[in-house]
Amino acid sequence: MEARLSVGEELDLGTAGRSAGDQFVFGGDLTSTEGGEEHVVGSIGGFCVTTDLERNAGQCASTAVLPEGQITVQGRQAGIPVPGPVVNAVTGGTGAFRRAHGQVTQRVLTPATWQLTFGLLDVRPYRPEDGRGPDEAPRPVRPSLPGK
């Protein structure tokens with residue numbers, strides 16, 4: 001899967017020039033070439049906060065939005081706003097990904113195109129017969145009390 005960024009803004013916060021706390025905010029489409037043709041399968045958005053000037057690194061968080069639900073990712077990256085290859089943690093999700101955990105490997109193809117390879121564990125397929133959308137949590141069921 002590829003992230004094709006349409007937004008990539010560096011925010012100079014605090015002290016003028018590169019400093020701790022500066023942010024890189026990004027967003028765009030997720031595309032796939034499954035089936036031989038490229039098509040949009042979702043979107044991605046996130047941010048990185050500079051925490052290490054010497055290594056030009058910081059903490060990053062992003063969310064991939066897919067028809068089956070969302071996948072959240074978090075971790076440290078070097079080379080902000082153009083990170084080198086990195087592996088970050090999948091921290092959670094919704095819908096089919098509500099129990100998912102694992103990691104994502106990110107490789108920069110161009111500054112605006114990143115290859116993302118998700119390694120997910122415990123993914124449950126979304127089933128429309130469940131009566132809920134992929135982003136909805138299961139509804140609590142009231143316990144039945146005998147004799148009431």
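Colleague: Which residues does Ala112 touch, not counting residues up to four places away in sequence?

Modeller: This is a predicted model: local features need pLDDT of at least 70, side-chain atom pairs count only at pLDDT 80 or more, and totals for chains, interfaces and linings use all residues. Residues are numbered from 1 along each chain as its sequence is written; side-chain values use heavy atoms, with hydrogens and water left out. Contact means heavy atoms within 4.5 Å. Not counting residues up to four places away in sequence, Ala112 touches Ala3, Arg4 and Leu5.

Colleague: How many helices and strands are in the chain?

Modeller: Both come from DSSP runs numbered from the N terminus: helices are H or I with at least four residues, strands are E with at least two. From the N terminus on, the elements run β-β-β-β-β-β-β-β. The count is 0 helices and 8 strands.

Colleague: Is Ala112 buried, exposed or partly exposed?

Modeller: Ala112 sits in the loop between S7 and S8. Buried means under 20% relative accessible area, exposed over 50%, and partly exposed in between (1.4 Å probe, protein chains only). Ala112 has a relative accessible area of 35%, so it is partly exposed.

Colleague: What separates the C-alpha atoms of Ala112 and Val82?

Modeller: Along the chain, Ala112 and Val82 are 30 residues apart.

Colleague: Is Thr113 buried or exposed?

Modeller: Thr113 is found in strand S8, residues 113-121. Beyond four places in sequence, its contacts are Glu2, Ala3, Arg4, Arg107 and Val108. Its relative accessible area is 12%, so Thr113 is buried.

Colleague: How much of the chain do buried residues make up?

Modeller: The chain has 148 residues. Of these, the buried share is 32%.

Colleague: Which residues have the most contacts inside the largest nonpolar core?

Modeller: A nonpolar core is a set of buried Ala, Val, Leu, Ile, Met, Phe, Trp, Tyr and Cys residues joined through side-chain atoms within 4.5 Å. The largest one has 19 residues. Strands S1 (2-11), S2 (23-32), S3 (39-52), S4 (57-66), S5 (69-78) and S8 each give two or more residues to this core. Those with the most contacts inside it are Leu30 and Ile71.

Colleague: How much space lies in the largest cavity?

Modeller: On a 1 Å grid over the protein atoms alone, a cavity is a set of points where a 1.4 Å probe fits but cannot get out; lining residues have an atom within 4 Å of a point. Grid points are joined across faces, edges and corners, and a volume is the space filled by probe spheres set on the points. The structure holds 2 cavities of 30 Å³ or more. The largest has about 190 Å³.

Colleague: Which residues that line the largest cavity are the closest to its centre?

Modeller: The lining has 24 residues. The closest to the centre are Phe26, Ser62, Val73, Gln77 and Gln106.

Colleague: What gives the most to the lining of the largest cavity?

Modeller: S2, S3, S4, S5, S6 (86-93), S7 (101-110) and S8 each supply at least two residues. The top contribution is 5 residues, and it comes from S4.

Colleague: How many charged residues are in that lining, by class?

Modeller: Ala, Val, Leu, Ile, Met, Phe, Trp, Tyr, Cys and Pro count as nonpolar, Asp, Glu, Lys and Arg as charged, and the others, Gly among them, as polar. The lining has 18 nonpolar and 6 polar residues. Its charged count is none.

Colleague: Which residues does a disulfide join?

Modeller: A disulfide is a pair of cysteine sulfur atoms within 2.5 Å. By this rule the count is 1. The S to S distance is 2.1 Å, and the residues joined are Cys48 and Cys60.

Colleague: How far apart in sequence are the parts that Cys48 and Cys60 tie together?

Modeller: Both cysteines are buried. Cys48 lies in strand S3 and Cys60 in strand S4, so the pair ties together parts separated in sequence by 12 residues.

Colleague: Is the disulfide of Cys48 and Cys60 right-handed or left-handed?

Modeller: The handedness follows from the torsion about the S-S bond. That torsion is about 115 degrees, so the disulfide is right-handed.

Colleague: What is phi of Asn56?

Modeller: Asn56 lies in the loop between S3 and S4. At 24% relative accessibility, it counts as partly exposed. Its phi is positive in a residue other than glycine, near 50 degrees.

Note on methods: On a 1 Å grid over the protein atoms alone, a cavity is a set of points where a 1.4 Å probe fits but cannot get out, and a pocket is an open set with protein on both sides within 12 Å along at least five of seven lines; lining residues have an atom within 4 Å of a point.
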